[in-house]
Number of protein chains: 2
Amino acid sequence: MPETDAPGVLPIALDAMGGDHAPDEIVAGAVQAVREHGIPVVLVGAPRPLAEALAQHDATTEIPIVRAEEALAMDAGALASLRRPRSSIAVACHLVRRGEAGAVVSAGSTAGIVATGKLRLRSQHGVLRPAIAVALPTRPHPTVLLDAGANAEVKPEMLVQFAHLGAAYAETALDVEAPRIGLLTIGSEPEKGNKIVKRAHELLSAAPGLDFAGNVEGHDLLSGAVDVIVADGFTGNVALKTMEGSVRFAFAELHETIMESRTARVGGLLQRRRIRELHRRLDPEAHGGAVLLGLNGTVVIAHGAARAKGVSAACLLAARLSAHGVVTRIGERLAPARRPHLPW
Amino acid sequence: MPETDAPGVLPIALDAMGGDHAPDEIVAGAVQAVREHGIPVVLVGAPRPLAEALAQHDATTEIPIVRAEEALAMDAGALASLRRPRSSIAVACHLVRRGEAGAVVSAGSTAGIVATGKLRLRSQHGVLRPAIAVALPTRPHPTVLLDAGANAEVKPEMLVQFAHLGAAYAETALDVEAPRIGLLTIGSEPEKGNKIVKRAHELLSAAPGLDFAGNVEGHDLLSGAVDVIVADGFTGNVALKTMEGSVRFAFAELHETIMESRTARVGGLLQRRRIRELHRRLDPEAHGGAVLLGLNGTVVIAHGAARAKGVSAACLLAARLSAHGVVTRIGERLAPARRPHLPW
């Protein structure tokens with residue numbers, strides 16, 4: 001297996017055919033990533049439309065194209081993705097596997113990306129289950145939530161591994177030293193939760209190399225109480241979507257409230273720019289997307305509706321994770337856990 | 001078992017000793033409920049301080065006191081509550097059981113209320129597990145979410161019953177005809193979710209007397225897509241607290257944004273009243289609190305930090321549920337489910 005985390009030299013393999021606005025917005029995002037962030041990018045997909053799109057940006061010589069004639073549909077499930085070994089996402093994974101790219105970025109179907117990534121890149125040695133991590137818009141730095149949906153059923157041991165995956169994310173991409181870990185459940189006392197969470201609490205409390213801060217609850221997703229929040233993929237996904245929906249709801253209600261009266265409307269106009277900036281900061285696209293952690297290579301899952309800005313943010317996140325060696329860091333973190341202390 | 005849902009005549013048994021601001025704010029809430037909403041209330045607790053508090057409102061003749069010398073601590077768990085058969089919450093439950101009150105309201109510890117309610121009022125015939133329902137601030141009418149935390153572990157059959165409990169709540173307290181039911185999970189397709197949810201989807205699809213609209217996701221909590229959202233108590237609790245935390249976060253960020261610049265601040269002042277009104281509408285206290293459904297009597301769990309306004313809103317909700325016969329309605333809804341159609 002080649003070293004896939006060589007700092008800052010390998011390009012990002014960008015799946016140009018995945019996403020609601022592929023390939024045009026994906027190509028535009030690649031151009032932004034190269035020109036604004038200095039990130040080398042390789043586009044993977046059907047050469048002709050990609051060449052045409054690149055020509056429109058006068059970027060033909062800046063961004064190479066790697067041929068992949070097939071593409072996964074946005075509603076492709078795990079099975080469909082396995083039947084297409086030459087899909088753009090599969091080819092992008094192969095570039096990472098062969099050491100020709102540092103990380104994969106795709107705005108395609110999450111189920112398709114997860115299935116393809118697991119098959120083509122395989123789990124890192126010792127990883128029970130890869131997990132999807134997302135960065136929540138807390139300050140001063142984002143909070144990592146995982147698993148956000150890759151594993152609807154888990155065992156307690158997997159939650160401990162998720163803690164290590166999330167800690168490696170926080171350490172490498174967010175520059176957090178000794179990340180504090182919280183376990184998402186329904187009360188602060190250790191005995192609060194379902195059976196799996198209660199057992200995970202015991203395991204996390206005893207796990208070496210983890211700064212376990214104890215249980216956290218739903219309102220802690222955005223409180224910044226911890227750096228990493230661990231959950232099974234069912235709970236994590238519900239919590240993430242609830243958070244997104246609730247923030248959207250609050251802004252919509254606020255907008256309506258402001259528009260209802262003239263005095264308030266005048267007030268609203270005066271602060272429109274500020275509110276727009278805030279809205280942008282809370283926008284999931286701004287953070288580049290979700291990351292599939294635990295494979296022999298980094299896979300960033302951009303929002304399916306991502307436009308150029310979202311795609312370039314995803315490339316930036318992928319480049320940072322790759323350059324700071326998140327795969328290596330996960331390997332280091334899980335290594336001692338794999339070797340129990342023996343009494344001789 | 002007496003009829004506990006006789007419309008609009010029985011008083012609310014208000015636990016005057018439960019809550020962070022008991023007994024003063026509880027008594028003030030009782031006075032509000034009586035004077036502003038015309039709801040008869042009985043205060044349950046230590047007679048002397050209650051009599052003094054009532055005197056301060058000149059309400060001595062308006063609100064009777066029922067003696068209960070003990071009270072549960074705010075951090076009381078299930079066990080502690082069972083050891084105190086003469087606690088104010090236990091006595092309040094007895095008033096309902098004996099047909100002397102229509103419903104219980106308490107701002108005490110949720111665990112204590114749930115344990116006491118289950119022991120003193122017992123589950124309705126055919127109810128597998130009582131559940132906690134909350135009303136989410138959607139428009140034109142609230143969305144009922146349950147279970148919000150009474151059952152961290154469930155079986156698929158319980159989720160079907162929760163649908164009936166929630167439907168009865170929507171029909172009686174919110175005037176929703178033929179409530180649409182959604183199952184909280186991680187994707188719209190029937191096969192999305194964990195094992196319990198997938199089996200519950202099958203059962204709900206086949207259940208008579210339920211308008212099952214299919215799966216809903218986290219962002220549907222506040223979208224108004226359905227009238228009742230069903231979840232296990234672990235997921236429901238995490239989702240509810242995530243929603244509350246996210247709305248609070250959005251408002252806090254907004255406030256900070258408005259205060260950061262002078263232009264925006266002037267704008268903020270112009271709309272302060274509107275925003276305050278909105279904040280109030282989204283305030284969980286305004287909706288009276290959570291309801292423990294499935295017992296032989298209605299129990300409303302007011303917010304632990306509830307002040308007079310929250311307590312009177314809880315009494316209003318309890319009176320509405322009691323007057324519209326939520327207990328009877330649940331019995332009717334579950335009756336056909338208990339008697340399978342036989343082929344002769």
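1. Buried residues (under 20% relative accessible area, 1.4 Å probe, protein chains only) account for 58% of the 344 residues in chain A. Please keep in mind that this is a predicted model, where local features need pLDDT of at least 70, side-chain atom pairs count only at pLDDT 80 or more, and totals for chains, interfaces and linings use all residues. Residues are numbered from 1 along each chain as its sequence is written, chains are lettered from A, and side-chain values use heavy atoms without hydrogens or water.

2. Chain A holds twelve helices and eleven strands, taken as DSSP runs (helices H or I, at least four residues; strands E, at least two). Of the contacts (heavy atoms within 4.5 Å) between residues at least 6 apart in sequence, 71% join residues at least 24 apart.

3. A helix pair to look at: the axes (lines fitted to C-alpha atoms over the stretch in contact) of α4 (residues 88-97) and α5 (residues 110-121) of chain A come within 9 Å and cross at roughly 35°. Among the residues of α4(A) that meet α5(A) are A:I89, A:C93 and A:R97, while α5(A) brings residues including A:I113, A:G117 and A:L121.

4. One joins A:R139 and A:P140, with omega about 5°, and A:P140 sits in the loop between β5 and β6 of chain A. Another runs from A:L146 to A:D147, omega near 0°; A:D147 lies in the loop between β6 and α6 of chain A.

5. Most residues other than glycine have a negative phi. A:R122, in the loop between α5 and β5 of chain A, has phi near 65°. A:A178 has a positive phi of about 45° and is placed in the loop between α6 and β7 of chain A.

Conventions. Axes are lines fitted to C-alpha atoms, for helices over the stretch in contact, and angles run from 0 to 180 degrees between N-to-C directions. Buried means under 20% relative accessible area, exposed over 50%, partly exposed in between (1.4 Å probe, protein chains only).
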